[in-house]
Amino acid sequence: MTFACRSLTEEDADAWLALLREGTRAFPLGFLMSAAEAAEMTREIARERMQSGAFRGVFDGDRLVGFCGYRRQGLPRLAHRAMIGPFFVTGALQGSGAAATLMQAVIAEACAAGVAQLDLTVDTENARAIAFYEREGFTCFGRRPDAVRIDGQSRDDLLYRLPL
Ligand SMILES: CC(C)(COP(=O)(O)OP(=O)(O)OC[C@H]1O[C@@H](n2cnc3c(N)ncnc32)[C@H](O)[C@@H]1OP(=O)(O)O)[C@@H](O)C(=O)NCCC(=O)NCCS
């Protein structure tokens with residue numbers, strides 16, 4: 001299969017919100033936002049998120065099938081770094097190459113912009129995402145205790161980086 005990637009705009013807000021709702025329901029460890037919060041998000045808020053320019057999407061034809069948050073750090077002393085996440089591909093297309101296509105597009109964009117390092121975090125028990133990030137070249141450099149609390153339960157996350 002071949003996929004195409006581009007920045008998401010407010011025109012993509014409805015499709016992005018549907019994917020966010022699918023992802024938060026099916027993969028609660030893969031998101032900081034809960035399924036309940038995603039269900040409550042309005043189309044207006046989704047449009048605002050898209051207007052921020054902080055999301056890249058992967059498409060199968062015209063259909064948005066995955067997305068990735070991509071945020072460059074603002075302060076000059078941090079501007080060599082960019083943060084990735086959330087990262088999601090619709091369940092039916094996991095394993096299809098869509099996620100790799102999106103990651104490669106984000107890496108290429110970051111390289112072209114002079115970014116020197118991509119950062120991300122992932123739950124310690126999100127084995128599939130960990131395998132994906134490591135295959136794409138990210139390396140783990142630490143573990144953050146009590147990073148996230150899901151329904152009051154403390155969880156650690158892993159810190160990953162990709163020098164470009
Ligand atoms: C993370 C995500 C974007 C990766 O996309 P994907 O299409 O599933 O990724 P791929 O299939 O290309 O790669 C996954 C790798 O994990 C491996 N894998 C699959 N299930 C696994 C498991 N339970 N444990 C360990 N590895 C696993 C696959 O074999 C593959 O490795 P390989 O290419 O060396 O064989 C996707 O799984 C997803 O959207 N997950 C839900 C949301 C999420 O957790 N996002 C990350 C938040 S940090």
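Strands E4 and E5 pair in the parallel sense over three bridges, and within this pairing alanine 82 has leucine 118 of E5 as its bridge partner. The structure described here is a predicted model, and every value that follows was computed from its atoms.

**The sheet**

The pairing of E4 with E5 belongs to an open sheet of seven strands, which has the order E1-E2-E3-E4-E5-E7-E6 and mixed pairing. Strand E1 (4–7) and E6 stand at the edges with a single partner strand each, so one side of each is left without a neighbour in the sheet. On average, and with direction ignored, neighbouring strands of this sheet are turned by 30 degrees against each other.

| Strands | Sense | Bridges | Residue and its bridge partner |
|---|---|---|---|
| E1 and E2 (residues 55–60) | antiparallel | four | arginine 6 and glycine 57 |
| E3 (residues 63–72) and E4 | antiparallel | six | arginine 72 and alanine 82 |
| E4 and E5 | parallel | three | alanine 82 and leucine 118 |

The C-alpha atom of threonine 139 is separated by 33 Å from that of arginine 47, and the two residues are 92 residues apart along the chain.

Rolling a probe the size of a water molecule over the atoms shows where empty space is left. In this model, the largest pocket holds about 1000 Å³ of space. It is lined by 45 residues, of which Gly30, Phe87, Asn126, Ala129 and Tyr133 are the closest to its centre. Several elements each supply at least two residues of this lining, namely helices H1 (13–26), H4 (98–112) and H5 (127–135) together with strands E4 (81–89), E5 (117–123), E6 (139–150) and E7 (153–163). The largest share, seven residues, comes from E4. By residue class, the lining of the largest pocket divides into 29 nonpolar, eight polar and eight charged residues.

The second largest pocket contains about 170 Å³ of space, and its lining includes Thr24, Arg25, Pro28 and Phe31 as well as Val148, Arg149, Ile150 and Asp151. H1 and E6 are the elements that give two or more residues to this lining, and E6 gives the most, with three residues. The lining of the second largest pocket divides into seven nonpolar, two polar and three charged residues.

**Aromatic contacts**

How many aromatic pairs does the model contain? The count comes to 10 aromatic pairs. In one of them, the rings of phenylalanine 87 and phenylalanine 132 have their centres 5.4 Å apart and their planes at 65 degrees, so the pair is edge-to-face, for which the planes must be over 60 degrees apart. This pair links distant parts of the chain, since phenylalanine 87 lies in strand E4 and phenylalanine 132 in helix H5, 45 residues apart. Both phenylalanine 87 and phenylalanine 132 are buried, and Phe87 is also among the residues closest to the centre of the largest pocket.

Elsewhere, Trp16, Phe27, Phe31, Phe55, Phe67 and Phe88 form one aromatic cluster. One of these residues, Phe31, also lines the second largest pocket.

Key
Residues numbered from 1 in each chain as written. Predicted model: local features only at pLDDT ≥ 70, side-chain atom pairs only at ≥ 80, totals over all residues. Heavy atoms only, no water. 1 Å grid on protein atoms, 1.4 Å probe; cavity = no way out; pocket = protein on both sides within 12 Å on 5 of 7 lines; lining within 4 Å. Points joined across faces, edges and corners; volume = space filled by probe spheres on them. Nonpolar A, V, L, I, M, F, W, Y, C, P; charged D, E, K, R; others polar. Phe/Tyr/Trp six-rings, centres within 6.5 Å; stacked < 30°, edge-to-face > 60°. Buried < 20%, exposed > 50% of the residue type's maximum accessible area, 1.4 Å probe, protein only. Pairing = 2+ DSSP bridges. Axes fitted to C-alpha atoms, helices over the stretch in contact; angles between N-to-C directions.
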